[in-house]
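Colleague: I'm new to this one, could you walk me through the model?
Modeller: Gladly, have a look and ask away.

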Amino acid sequence: STSIYPYLLFTSDNIEAYRSTLAYLIIHQLNSTRNKMTTGVTTVAVCCATGNQGKEMIQRFNEINEAQIYGAHNSFHIKALTRNASSNAAISLVSNAPNTNLTLAEVDYLSHESLKLALEGADALYLNYAMVENESEVEKTIIDAALDAGVKHIVFASHINCEKDHDVPHWESSRKTNEYLQECLIKAQAKQGDDTDFRFHLVRLGAFNENVLPGSYFPPKGGKMTFPWRSDARMATASLRDVARVACKIFAQPLKLENCASINVATEFVTPNDWAAAISKANNENITAVQGPWIFLTFGHYFGWEASSILTMSEYVDKHEFIRDIDPTEVLTFLQEEIDIEPLETVKAFAQRHFFSSDDEDKEVKASVWKKLMVCF
C-alpha cells in the first residue's frame with residue numbers, strides 16, 4: 001500500500017530517495033515564511049559528529065542545502081568535530097553529505113586549545129556530548145573554547161525538566177551546562193549590552209525512539225522488551241530526526257526564538273507497553289514489555305557512574321513517570337510549516353520504519369542499518 005506521507009512507510013532501500021524528494025516538497029511549503037532567517041552561509045560546528053545526533057544533524061543540513069529549504073541565500077557549511085578524523089565513520093560523513101561543504105576537525109574534547117583551533121571560523125555550534133561523569137565539565141570547556149574562537153550562537157542538547165528535583169546525575173549535568181550558558185550570556189551583556197551578538201538556545205530532550213533498536217538499550221529480544229521502569233509508565237520521547245529538524249531550524253531562524261529560549265522536543269508520551277504493541281504490529285510478532293533485568297535493578301548503582309545514573313532515572317520514571325510540565329505541542333508549533341509535508345514521527349511510524357519486514361532477507365538488510373543507529377540518553 002502507499003501513503004501521502006511516505007515518511008510513514010519507507011524502508012532502508014529507499015531512504016535516501018525519500019529524503020531528497022521530501023526536501024524538495026518542503027521548500028514550497030516555506031516560500032511565504034522567510035522572515036527571521038539568517039542570510040548567507042553559516043558555518044556550524046557539530047560536536048560528536050560521528051555519533052547519532054551528529055549524523056542526523058549533518059543529514060538535515062545536507063537536505064536544507066540541497067533543496068534551499070530556508071531560501072537560496074541561506075545555506076550551511078559544517079565543521080564536523082570528531083576524535084578521529086581518519087576513522088571510517090568520520091570519512092563517511094563527507095560522502096553522505098554531497099550538498100554540504102563539510103570539513104572534518106579532529107579534536108581533544110578535554111583540551112581548550114585543541115577545541116579553539118577546530119572551532120575557528122565557525123559561526124555557530126551544536127553542543128552535545130556523551131553521558132559521562134565529567135559531562136558538564138567537558139561541555140564548559142567546549143563553550144569556553146567556542147566563545148574564544150568567535151562562535152556567536154550555541155544550540156545545546158539539554159534535557160527536559162533538568163532543573164527539577166530528581167537526583168539524576170545525567171540530568172544534573174544538563175542543568176549545570178544550562179546555567180553556565182546563562183552566565184556566559186550575562187557576561188556578554190555586561191560588555192555589549194542587551195543587544196549582544198551572543199545567543200544560545202536549548203533543545204530539551206527526553207528519551208530517543210532509537211533506544212529500542214537492536215544494539216541499544218531496550219531492543220526486542222526473544223519476544224520481550226526489557227525496560228528498567230514499569231511497563232505502564234509514560235515517558236516523553238522523540239525520534240532523532242525530529243530533534244535534528246528542530247535544531248537545524250533554530251540555526252536557520254535564530255531570531256524566531258528569544259535569546260536563551262528553549263524547546264521541549266517531545267512528540268508523544270509512550271509506555272513500554274506502547275512500544276511492545278507498536279513493534280508487534282510492525283513485525284508481526286508477539287512482543288511483551290517487562291521490567292528488569294533484576295540484576296541491574298538490584299545492583300545497578302554499583303556498576304559505575306553511567307549505570308547508576310540510568311538506574312536513578314529509571315527509579316524516578318517508575319515513581320513519577322516523565323510527563324510533568326512537558327508540552328508536546330511546542331514542537332508542533334515550531335515546525336508548523338513543515339509538518340504538513342513531513343509529520344512528526346510517532347512511535348507507530350518509527351516501528352513501521354525500522355521493524356516492518358516482509359521476509360527474512362529484509363530483516364538482514366535492516367539489521368545493518370540498526371547497527372549505525374545505536375544511541376543513548
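Colleague: Which residue lies over the face of Phe334?
Modeller: Lys249 lies there, at 5.3 Å from the ring centre; a charge counts as sitting over a ring if NZ of Lys or CZ of Arg is within 6 Å of the ring centre and within 35 degrees of the ring normal. Please keep in mind that this is a predicted model, where local features need pLDDT of at least 70, side-chain atom pairs count only at pLDDT 80 or more, and totals for chains, interfaces and linings use all residues. Residues are numbered from 1 along each chain as its sequence is written, and side-chain values use heavy atoms, with hydrogens and water left out.

Colleague: And how many aromatic pairs does the structure hold?
Modeller: The structure holds 12 of them, where rings of Phe, Tyr and Trp (its six-membered ring) pair if their centres lie within 6.5 Å, and planes under 30 degrees apart count as stacked, over 60 as edge-to-face and the rest as tilted. One of the pairs is Phe218 with Trp229, whose ring centres are 5.4 Å apart and whose planes stand at 75 degrees, so this pair is edge-to-face.

Colleague: Where do Phe218 and Trp229 lie?
Modeller: Phe218 is in the loop between β7 (207-208) and β8 (220-221), while Trp229 is in the loop between β9 (224-227) and β10 (235-238), so the pair ties together parts that are 11 residues apart in sequence. Helices (H or I, at least four residues) and strands (E, at least two) are DSSP runs, numbered from the N terminus.

Colleague: Buried or exposed, those two?
Modeller: Both Phe218 and Trp229 are buried, meaning under 20% relative accessible area, with exposed over 50% and partly exposed in between (1.4 Å probe, protein chains only). Trp229 also forms a tilted pair with Phe227, at 5.8 Å centre to centre and 55 degrees between the planes, and Phe227 counts as buried at 3% relative accessibility. Together with Tyr217, the residues Phe218, Phe227 and Trp229 form one aromatic cluster.

Colleague: Switching to α5, what covers its buried residues?
Modeller: The cover includes α4 (112-119), β4 (124-127), β5 (153-159) and α6 (169-192), and among the buried residues of α5 are Val138, Ile142 and Ala146. Gly150, which follows α5, has a positive phi, near 100 degrees.

Note on methods. Contact means heavy atoms within 4.5 Å.
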